[in-house]
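Student: I would like to go through this model with you. Could we take it one local feature at a time?
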4 protein chains.
Amino acid sequence: MGSSIGRLFRVTTWGESHGPAIGAVVEGCPPGVALSEADLQVDLDRRRPGQSALTTQRKEGDLVRIEAGVFEGTTTGAPISLRIENRDANPGAYEHLRDLFRPSHADFTYHEKYRGHRDWRGGGRSSARETAARVAAGAVARKLLADRWGVEVVAWVDQVADVRGPDVDVAAVCRAAVDAHAVRCPDAAAAQAMTEAIEAARRDKDTVGGIVGCVARGVPAGWGDPVFDKLEADLAKACLSIPAAKGFESGAGFQGVGLRGSDHNDAFEPDGEGGVRTTTNRSGGIQGGISNGMPVVFRVAFKPVATHFQMQHTVDAKGRATTFQARGRHDPCVLPRATPVVEAAALLTLADHALRQRANLGGMPRSR
Amino acid sequence: MGSSIGRLFRVTTWGESHGPAIGAVVEGCPPGVALSEADLQVDLDRRRPGQSALTTQRKEGDLVRIEAGVFEGTTTGAPISLRIENRDANPGAYEHLRDLFRPSHADFTYHEKYRGHRDWRGGGRSSARETAARVAAGAVARKLLADRWGVEVVAWVDQVADVRGPDVDVAAVCRAAVDAHAVRCPDAAAAQAMTEAIEAARRDKDTVGGIVGCVARGVPAGWGDPVFDKLEADLAKACLSIPAAKGFESGAGFQGVGLRGSDHNDAFEPDGEGGVRTTTNRSGGIQGGISNGMPVVFRVAFKPVATHFQMQHTVDAKGRATTFQARGRHDPCVLPRATPVVEAAALLTLADHALRQRANLGGMPRSR
Amino acid sequence: MGSSIGRLFRVTTWGESHGPAIGAVVEGCPPGVALSEADLQVDLDRRRPGQSALTTQRKEGDLVRIEAGVFEGTTTGAPISLRIENRDANPGAYEHLRDLFRPSHADFTYHEKYRGHRDWRGGGRSSARETAARVAAGAVARKLLADRWGVEVVAWVDQVADVRGPDVDVAAVCRAAVDAHAVRCPDAAAAQAMTEAIEAARRDKDTVGGIVGCVARGVPAGWGDPVFDKLEADLAKACLSIPAAKGFESGAGFQGVGLRGSDHNDAFEPDGEGGVRTTTNRSGGIQGGISNGMPVVFRVAFKPVATHFQMQHTVDAKGRATTFQARGRHDPCVLPRATPVVEAAALLTLADHALRQRANLGGMPRSR
Amino acid sequence: MGSSIGRLFRVTTWGESHGPAIGAVVEGCPPGVALSEADLQVDLDRRRPGQSALTTQRKEGDLVRIEAGVFEGTTTGAPISLRIENRDANPGAYEHLRDLFRPSHADFTYHEKYRGHRDWRGGGRSSARETAARVAAGAVARKLLADRWGVEVVAWVDQVADVRGPDVDVAAVCRAAVDAHAVRCPDAAAAQAMTEAIEAARRDKDTVGGIVGCVARGVPAGWGDPVFDKLEADLAKACLSIPAAKGFESGAGFQGVGLRGSDHNDAFEPDGEGGVRTTTNRSGGIQGGISNGMPVVFRVAFKPVATHFQMQHTVDAKGRATTFQARGRHDPCVLPRATPVVEAAALLTLADHALRQRANLGGMPRSR
């Protein structure tokens, strides 16, 4: 259980880090969306390791193949099957992890949940490698959202360790600005400071965490369902399902709790084109769980990478105290590679709610 | 769509603030759990208005009736239907809201989502009154979790406005300590300061927000599903579905991003009874999305109440600029009443994952 | 589990035969559908007991109340809560069933499934009284389907015991014709023979079964999803979930297996208005699991009523052999009252697939 | 939508007849089940074409690969990904079907549903080739059910055209007896007559339909959920989702409607070992939608194969009248190959309900 997300635009991922392949099946994508492997590869290339000196040099390649659901260049409405071969698998390198629980990894909890049955090679199913599959699926959602609704999703690195960048202009930030620096913070000075924080941690055989910010522009008013499936509830779920994510906030979020209502509320005003907008956007584009037409803005906190290179205390599979010393290739900071994963979380959630609202309203005319 | 939560322990709520009644249907509760209306009323009484000078004096009563699913004092496995009559409804008092969008409320987004079809009386379906239904359903989950697994969930007010309480001892905090002060912060000095902050806001015709902390003790290792249905992902979703909630963090959360991996990781050690524990709990009891046997700890941020009593700019249903001045009974701070709602979010999520893990493992013996 | 049906138009029923009430929650009905209690009562009155000398004289009344989801006469998109009080409950009359399993009823299987926890009063949750809730929900679907798509669903009694009526003209059969005879077969001669078969069974303290036929007219081409959620698969599920239903067939069904392909295939031809029709309809309006624009036609087999008034051998709750002699009010034949229940099964299934197709296509233009 | 089935044991299939591959993802299979590709291949080999002179000579091979979810020979609880390459694809052979709707196939309905976007090569997604994926998934369910509950599922051909075999002994019928004749009817004389009926149809360039019977032995009492998810409702859905299936009946089914209640009821009696059994099994092992411990027995009707080799009238994609003459390799009768597909439908349904009942009861002791 748990490898699927979405009700109408529904994605199921499968695969282990060191099995033959990983993949995703995307159900519910409407017909008629132009889609190629190249569309997906762009996003995958932003997630894959080895992009810069900041990230692990493991060469995964991450070449995605569409095996079903696309015919003559467009989606057919049938399930879209995406498959990525694991080309750099070296299971032998993980033999020492067979009977040992790495601290703050999922080794112990998988062992308990599945009564000892787990693929311990490089994290197996719990490896962040799984996120390649959801990034590929998110790229399908990106195409759908862009084609049908003109929605655009951009994420960036907002904080690394204790280095926080300046407020990003959510109306303007774009992929080019984000990718201008390897650390994926669009502000040059902050990017430099973040890079130094990562390098310092690497020198100390240590790791750092951070925060990814994200905006979705072009989301029309009316997406999101009341009560339990609020748009920010589903965004939070999608984001907290990313490995190492430990926090989510929408709009002013945790910072907003110190404000008074009269300072926090977003006043409505006519937008000059017959519509309505808010003068501020502390709600992050979502009110009562439903989009209000303003940019949807949220942030995701990532804990420092669990795999550092200092000695750690732990126990083995028999519950006996032991120590653990990591080896191999590991990112000291996942934030740059996490940005496309956060985008995918937003894209999958929005695509699902776009279809849900289409089911709700169909061609019903506007009331105003 | 959107009024149901859970896959196996599944709750659907219904009802508008000023309709004849609200309610919840709880599907999937196993048979044989002793359950009475009094069990549910305890939790409802902690959520209802009028408990103290800090909260609105509206008398909702919130008497819950079990109309199905319980026979001769125990659950039967059939859907449990819970119904709460709306006794203090006074729809006329809301006539002035018919054609006006209150800032930072759901009036506008519901109007857009449903093309003008909405019950505008006191928020209708978007009213926080709906949370009474989920608190009642959460009380069913509380009984199930206590009886079958010995799980206990306690929430408290951690912050009001900019007044943050001292760190709570999650191993010991109990309902009695939380309820010792009307503001539901277990620390006397902080409770006093929080109360003053609320009173100050009320005097200023304004409102405040805050943070609720929550712990679940007794959760065994192995609850939560990998990938998308991680325990903290589902907790985040349940919490962000609470009206006015804008942030969620698990364990060290947003604070943890400033730590290095070597400081953040939780070392495993033998627990002296044949099991395993961690020496710290920055993971908040969840690793790889699955409980590790330590207390599950998280926090939820609530924005300041949207209804304050100062004049506000907004638009009417035709999109024309206008002003809005709230009247009637409204809490200047929802935090005290939000604690049982956060508990309900945790209880519903945990009950669902308890049954999911039972489906996964059945009577499979431990591997260690 | 198991008390909900539908993915987008989703209905959950609750309640026991002799509890205070039964009901249904309808999620996902779009906003703007005119709906009143009278709309629902029409269908409920066709299902309730005591309509004619052919059916039990128990006076259930079955007055339905809408408690949520409708405001100022139209649906709002919020869950519609329907509640029917049990007014004729007489639990004492069932005391003798507490520790005894009636043959071919659900007493034994519920006892086993729920480890002895069950409401044994009049069948409790397994009573056919539950179908009142789904008929009420089906009436909501009927309004939605009629208003938005012009779909019309009519069921009739096709066979009672071994009396089979002549082939019904599925293009013309209407409720008035069906209700012209108490047995709900639109053919006068067959209705008379069926009535006599029922009376003969009653005189013999016995019961009979039969077959209900059903047609949905106006279903556009394109409803139903490929592979597992084929339209006839979902219709079959909905119909087989009706108490006493033991068979389902679509189009030529079981009779069609004796035909050759060249006799069974439905040739396509232009319909003279720019569209396509089939010259015959052995497919029952469904091909590859998707509606083709022709009338959707199917039949449902009902076993003879399990409660007859002859002595029966059975066992008690301790597994000891005993005998059982039914008493009280029971239909010798459920077929007349089953017709609105079969209609409800079709209506709920079609409403769900209507919304699914709307999510799939939205306003996408026709390709031809 | 529509390519997934099951709530806890959940299968999603993907792939087109002439794409690079087809496959299935199996979610929710518990850990610790010994599973190899050979286990799956056995069932696939019974479904593949070219097994006998009776079936098409197309060589699909149908070699299945497990790409995830199995580690060191046992399931891990992670999604099991199954992939079957399409080795005999010859898309060019179908060019003449691009703009034409074959009668009683899914060409027209897919065209309407997806606004002209469809893979027309050999039926694409609507091809019965998809059933290879569900047979592979069903083989996983078979292993789980056998290992944990000792459940055994056997299907056979009960009727071909108008040749009906004698009643099969459901307590004894086994795969060896079924496979003793190529037509998969365990009765030698009937098998011979069926074979002749198929050969006669082939000689006439025509096709035939038939009926598959199926039994599940060892199903304990208590599987199946009340109300909508009755065991026979879910079995009916799974079976009606098989291409060409047009009818389903459980126990006495359509035949039973002619019986009186006193003849149809199954009396309970002590089984001599402390349990309970019924003296007859007209209920087909299911009462009130829940298994009663007797063999679960049902039948599925298949229409004659739509592709015969006589000239047919139809329309093209522009709605103009035309004719169609099939060519290529096609079975005159799918019944022999349908038996493993019906078994898969039963296996998937039963595995799901097995886990559902485990979630419901866990280790709760028997009440008797």
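Student: Let us start with Ala161(A): buried or exposed?
Tutor: Ala161(A) is buried, because 24 other C-beta atoms lie within 10 Å. By the rule used here, 20 or more other C-beta atoms within 10 Å of a residue's own make it buried, 12 or fewer make it exposed, and anything in between is partly exposed, with C-beta atoms placed from the backbone.

Student: What kind of model and numbering are we using?
Tutor: This is a predicted model, in which local features need pLDDT of at least 70, side-chain atom pairs count only at pLDDT 80 or more, and totals for chains, interfaces and linings use all residues. Residues are numbered from 1 along each chain as its sequence is written, while chains are lettered from A and ligands numbered from 1 in the order in which they are written.

Student: Back to Ala161(A): where is its place?
Tutor: Ala161(A) sits in the loop between strand S8 (152-160) and strand S9 (163-164) of chain A. Helices (H or I, at least four residues) and strands (E, at least two) are DSSP runs, numbered from the N terminus. The phi of Ala161(A) is near 50 degrees, a positive value in a residue other than glycine.

Student: And what is phi for Lys205(D)?
Tutor: Lys205(D) has a phi near 55 degrees, also positive in a residue other than glycine. Lys205(D) belongs to the loop between helix H5 (188-203) and strand S10 (210-217) of chain D. With 16 C-beta neighbours inside 10 Å, Lys205(D) counts as partly exposed.

Student: Changing topic, how many residues of strand S3 of chain B are buried?
Tutor: In S3 (residues 21-27) of chain B, 7 of the 7 residues are buried, so the strand is largely enclosed by the rest of the structure. Ala21(B), Gly23(B), Val25(B) and Glu27(B) point one way, Ile22(B), Ala24(B) and Val26(B) point the other way, and all are buried.

Student: Which strands pair with S3(B)?
Tutor: Strand S2 (residues 10-15) of chain B pairs with S3(B) in the antiparallel sense over 6 bridges, and strand S7 (residues 80-85) of chain B pairs with S3(B) in the antiparallel sense over 6 bridges. Pairing requires that DSSP find at least two bridges between two strands. A hairpin joins S2(B) to S3(B) through 5 residues, and Gly15(B) stands opposite Ile22(B). In S7(B), Glu85(B) is the bridge partner of Ala21(B).

Student: Now helix H1 of chain C: which residues are buried?
Tutor: In H1 (residues 37-47) of chain C, the buried residues are Leu40(C), Asp43(C), Leu44(C), Arg46(C) and Arg47(C). Seen down the axis of H1(C), they fall within an arc of 160 degrees, so they line one face of the helix; the arc is that of the directions from the helix axis to the C-beta atoms. On the other side of H1(C), Ala38(C) and Val42(C) are exposed.

Student: What do the buried residues of H1(C) pack against?
Tutor: They pack against strand S4 (64-68), strand S7 (80-85), helix H3 (130-149) and helix H9 (335-361) of chain C. Ala136(C), leaving aside neighbours within four places in sequence, is in contact with Ala24(C), Leu40(C), Leu44(C), Val64(C), Leu82(C) and Ile84(C). Contact here means that the C-beta atoms of two residues, placed from the backbone, lie within 7 Å.

Student: How many residues does the contact between chain C and chain D take?
Tutor: The contact takes 103 residues from chain C and 103 residues from chain D. Helix H6 (residues 231-240) of chain C gives the most to the chain C side, with 6 residues. Strand S11 (residues 245-250) of chain C and strand S11 (residues 245-250) of chain D run antiparallel and are joined by 3 bridges, with Glu249(D) as the bridge partner of Gly247(C).

Student: And how many for chain A with chain C?
Tutor: That contact takes 13 residues from chain A and 12 residues from chain C.
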